[in-house]
Amino acid sequence: AAFMTGSMNCHYQSQVHWVKDIKPTVETNVGFIETYRDYLGTKGEWECLVAMVDKERTAKFGELVSNAKEFISELPWTKAYEKDVFTPPDFTSLEVLTFAGSGCPAGINIPNYDKIRINIGFKNVSLGNVLSAKSSKEPISFISDDLQDLYEKYRVEAFEVQVGIHELLGHGTGKLLMELDDGSFNFDKSAPPPGLDGKPISTYYAKGETWGSKFGSIAGSYEECRAESVAMFLGTNRKLLEIFGYTTKQEQDDIIYVMYVSMCRAGLLSMEYYDPKHGKWGQAHCQARYAILKNYLDAGHGLVSLEYTKDDFSDLTLKIDRSKIESVGQESIGACLNKRHVYKCSGDVAAGTAFYVDQTTIPADLLKFRDIILKKKLPRKQLVQANTVVAGADADVLCKEYPESCAGMIASFAEREC
């Protein structure tokens, strides 16, 4: 009905039912979901997902959900900016059969309707076979030769931890301070919580306002940055790493280190999507990851540095001091995360926007690296998706996969339309 009539309420109700469908064996959802590709941040892009649950990976996420309250209590904001009651969401790892859209993400946290998220809940989905998909000869740029093997060994594992935290404890946390439909408030309006300056906040979400409507075009990127920051802040938690199966200090240290390398490298590569002429970003996640790289660079003390000897920057190398991650790194990301979170929850558009724009406007001393980043750009990863076919007298459903080639991708699309 939603797609035939354009009724937002019909789609809203469909998402209420979807959230209440806990632990299905086959997961599917459809609609105009994310606004990343709309420069105004308002039009949702068509997406359709069909996937099967990976029970082994899902068990890890289930334990993470069970311990969520403990981890949330360690985040760097006061209780006033967190949900009164944390409702553990459905959190599963899926093996994607088909993902229709302009691209396939590594993790999903939906629905994006704030009222459903606050009053009913949401689902976290990690797309496991997207996380692990890679070319057998994929070069790793901007990291030193002595790091290549360690990075390759743990990059999928580190990304799985990052995505898990990002979706559950990133997008899943926070309380928007708002006026409700009946005119009451979900916080003490007579004694508002203190803001970053220690004084009672003076901003909030008025009746009818949402996170997207209030923060406009930066809302999507800002929220991705907040969620990624939560992942980096909690990624050093040893108990959390044990849930994912990393029990020795050496292995935990390696996971944390590779997580930092991966995030900072992603922030560096993100400059590709920055338009220096107009000072605009073309991709929400890239803007978010650049902001985190910039935060670590600004932290100083040699935590993160970009080193080179050649005038054309062709030997540009990302360096991270492992010994300073849990001190300088943890302190810097915690302070920055607290700002992002309080600005969002209190609806402080002016301060939040100014802070984020300042962090993501690339200065000349970093923008000079953009040309070499473009020269070393890898071809965009293409995912060849399988199809199901009905075959045999008993009408068995078979999964048909295709070669990892352009011909395989074309065949996959062509046969999907048959």
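1. In helix α3, R57, K60, F61, L64 and V65 meet V156, E160, G164, L168 and L169 of helix α7, where contact means heavy atoms within 4.5 Å and helices are DSSP runs (H or I, at least four residues) numbered from the N terminus, as strands are (E, at least two). This is a predicted model, in which local features need pLDDT of at least 70 and side-chain atom pairs count only at pLDDT 80 or more, while totals for chains, interfaces and linings use all residues. Residues are numbered from 1 along each chain as its sequence is written, and side-chain values use heavy atoms, with hydrogens and water left out.

2. Helix α3 (residues 55–66) packs on helix α7 (residues 148–170) at an angle of about 45 degrees, the axes lying 11 Å apart.

3. The largest nonpolar core has 87 residues, and L64, L169, L234, L240, Y296 and V304 are those with the most contacts inside it; such a core is a set of buried Ala, Val, Leu, Ile, Met, Phe, Trp, Tyr and Cys residues joined through side-chain atoms within 4.5 Å, buried being under 20% relative accessible area (1.4 Å probe, protein chains only). Helix α11 (residues 249–269) gives the most to this core, with 10 residues.

4. Not counting residues up to four places away in sequence, L169 touches L64, A68, F71, I72, L75, G164, V230, L234 and L240.

5. Strands β10 (residues 387–391) and β11 (residues 396–400) pair in the antiparallel sense over five bridges, pairing requiring at least two DSSP bridges between the strands. T388 stands opposite C399 in β11.

Note on methods: Buried < 20%, exposed > 50% of the residue type's maximum accessible area, 1.4 Å probe, protein only. Axes fitted to C-alpha atoms, helices over the stretch in contact; angles between N-to-C directions.
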